[in-house]
Amino acid sequence: MSDYNLYKRNDNYYIDFIHPETGKRIRESLKTSDEKLAQKYANTRYFNVLRDIELGISVEDKDLSKIFKEYVDTKPTQYNQDTVQRHWLPYLEEKKIKLSKLKQVDITRYYPWRRARKYQNKDVKDITLNRENCALRSFINFAMDIYAPKRI
């Protein structure tokens with residue numbers, strides 16, 4: 001007897017369970033129509049949630065502004081600090097993207113979003129976007145060092 005339900009809908013399998021820590025219902029597509037593969041994915045997904053709880057990884061992200069204040073205290077370069085505050089935080093908050101859920105596609109979508117916001121009526125160049133991407137990487141590395149569990 002498992003603590004999750006596996007069901008098929010519209011030719012895809014889904015997992016459905018109540019999160020043991022938050023009590024919220026989690027319902028996700030496993031993106032497969034193969035029953036054996038779906039069972040394997042469901043087990044992996046559910047036991048990853050249990051593992052994260054055991055390791056003390058919070059399922060709720062800390063507020064981005066609080067992480068940023070801690071980041072500033074580590075004295076990053078002024079460029080990185082300004083870039084994250086002026087461009088990346090507004091983008092992440094507008095799109096409601098949590099750092100733990102940030103994907104490459106979100107970074108790719110940043111480029112047209114940023115280009116739409118010209119600086120002093122000038123177009124944003126590729127090199128500027130690449131530097132801003134490096135500033136984000138610095139911020140993410142800081143957040144991962146602080147909030148990700150340490151492996152032994």
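Predicted model: local features only at pLDDT ≥ 70, side-chain atom pairs only at ≥ 80, totals over all residues.
Arg 27 belongs to strand β3 (residues 25-29) and Asp 16 to strand β2, so the bridge ties together parts that lie 11 residues apart in sequence. Asp 16 has a relative accessibility of 8% and therefore counts as buried, the cut-off being under 20%. A network of salt bridges links Asp 16, Arg 25 and Arg 27.

## Salt bridges in the helices

The count of salt bridges comes to 8. One of them joins the side chains of Arg 115 and Asp 126, at 2.1 Å from N to O. Because Arg 115 is in helix α4 and Asp 126 in helix α5, this pair also connects parts 11 residues apart in sequence. Arg 115 is partly exposed at 33% relative accessibility, and Asp 126 is partly exposed with a relative accessible area of 49%.

Another salt bridge is formed by Lys 95 with Glu 94, where the closest N and O atoms are 3.9 Å apart. Lys 95 counts as partly exposed, at 41% relative accessibility. Glu 94 is partly exposed as well, with a relative accessible area of 42%.

## Helix α1

Helix α1 covers residues 35-55, which makes 21 residues. From its first C-alpha to its last it reaches 30 Å, close to the 30 Å expected at 1.5 Å a residue.

Which residues of α1 are buried? They are Ala 38, Ala 42, Tyr 46 and Val 49. Viewed down the axis of α1, these buried residues fall within an arc of 55°, so they line one face of the helix. An α-helix has 3.6 residues a turn, so residues three or four places apart point the same way. The cover over the buried residues of α1 includes strands β1 (5-9) and β2 (12-18). On the other side of the helix, Lys 36, Lys 40 and Glu 54 are exposed.

## Nonpolar cores

The largest nonpolar core has 23 residues, of which Val 84, Tyr 91, Leu 92, Leu 99, Tyr 110 and Phe 139 touch the most other members. Two or more residues of this core come from each of α2 (64-73), α3 (78-94), α4 (104-115) and α5 (126-147). The greatest contribution is that of α5, with 6 residues.

How values were computed
Residues numbered from 1 in each chain as written. Heavy atoms only, no water. Core = buried A, V, L, I, M, F, W, Y, C linked by side-chain atoms within 4.5 Å. Buried < 20%, exposed > 50% of the residue type's maximum accessible area, 1.4 Å probe, protein only. Helix = DSSP H or I, 4+ residues; strand = E, 2+ residues; numbered from the N terminus. Expected span 1.5 Å × (residues − 1). Arc of directions from axis to C-beta. Contact = heavy atoms within 4.5 Å. Salt bridge = Lys/Arg side-chain N within 4 Å of Asp/Glu carboxyl O.
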